[in-house]
Amino acid sequence: MVIKSDFMLREIAGEYVLVPTGMAALDFGSLVSTNEVGYFIWEQLRTPKTLDELVEAVVGEFEVDEATARADTEEFVRRLEHHHILEP
């Protein structure tokens, strides 16, 4: 999976916000904010990654066990999928 090219992440007033661009801006209709872990996952998804690769990267970057990293990563990926931000 990888982030669609018509979305970007911006820091606004100390928060990370997913921002649609181009045609996505017309259809999206909302903003999605995230935390530092979400920002890290977003950066990882600039190139294609599997869920397992994302979990491994989160475990390597943050002081968190694999089960917690997997649960948090799956939740964030579900949010991205819900908003049609990911390409398979």
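The following questions and answers walk through a predicted model.

Visitor: What is the angle between the planes of Phe40 and Phe62?
Guide: Phe40 is in helix H2, while Phe62 is in the loop between helix H3 and helix H4. These two residues are 22 residues apart, and their pair links distant parts of the chain. Their centres are 5.5 Å apart and the pair is edge-to-face, with an angle between the planes of 90°.

Visitor: Is Phe40 buried or exposed?
Guide: Buried means under 20% relative accessible area. Phe40 has a relative accessible area of 15%. Phe40 is therefore buried.

Visitor: How many residues does the largest nonpolar core have?
Guide: Residues with the most contacts inside this core include Phe7, Trp42 and Ile85. Among the elements giving two or more residues to the core are strand E2 and helix H1. Ile85 touches Phe7, Trp42 and Leu80, among others. The residue count of the largest nonpolar core is 22.

Visitor: Which elements do the buried residues of H3 pack against?
Guide: In H3, Leu54, Val55, Ala57 and Val58 are buried. They cover an arc of only 160° around the axis, which puts them on the same side of H3. On the other side of H3, Glu56 and Gly60 are exposed. The buried residues of H3 pack against H2 and H4.

Visitor: Which residue in E3 is the bridge partner of Leu9?
Guide: E2 and E3 form a hairpin with two residues between them. In the turn, Ala13 has a positive phi of about 50°. The two strands, E2 and E3, pair in the antiparallel sense over six bridges. The bridge partner of Leu9 in E3 is Leu18.

Visitor: What distance separates the C-alpha atoms of Thr47 and Ile3?
Guide: Thr47 is found in the loop between H2 and H3. Leaving aside neighbours within four places in sequence, Thr47 is in contact with Met1 and Val2. Thr47 and Ile3 are 44 residues apart along the chain, yet their C-alpha atoms are separated by 7.9 Å.

Visitor: Which residue has a side chain joined to that of Thr47 by a polar contact of 2.6 Å?
Guide: Thr47 counts as partly exposed, at 41% relative accessibility. A polar contact of 2.6 Å joins its side chain to that of Lys49.

Visitor: Is Thr34 buried or exposed?
Guide: Thr34 lies in strand E4, residues 32-34. Not counting residues up to four places away in sequence, Thr34 touches Leu9, Tyr16, Tyr39 and Phe76. At 12% relative accessibility, Thr34 counts as buried.

Key
Residues numbered from 1 in each chain as written. Predicted model: local features only at pLDDT ≥ 70, side-chain atom pairs only at ≥ 80, totals over all residues. Heavy atoms only, no water. Phe/Tyr/Trp six-rings, centres within 6.5 Å; stacked < 30°, edge-to-face > 60°. Helix = DSSP H or I, 4+ residues; strand = E, 2+ residues; numbered from the N terminus. Buried < 20%, exposed > 50% of the residue type's maximum accessible area, 1.4 Å probe, protein only. Core = buried A, V, L, I, M, F, W, Y, C linked by side-chain atoms within 4.5 Å. Contact = heavy atoms within 4.5 Å. Arc of directions from axis to C-beta. Pairing = 2+ DSSP bridges. Polar contact = N/O pair within 3.5 Å; in protein donor to acceptor, adjacent residues only side chain to side chain.
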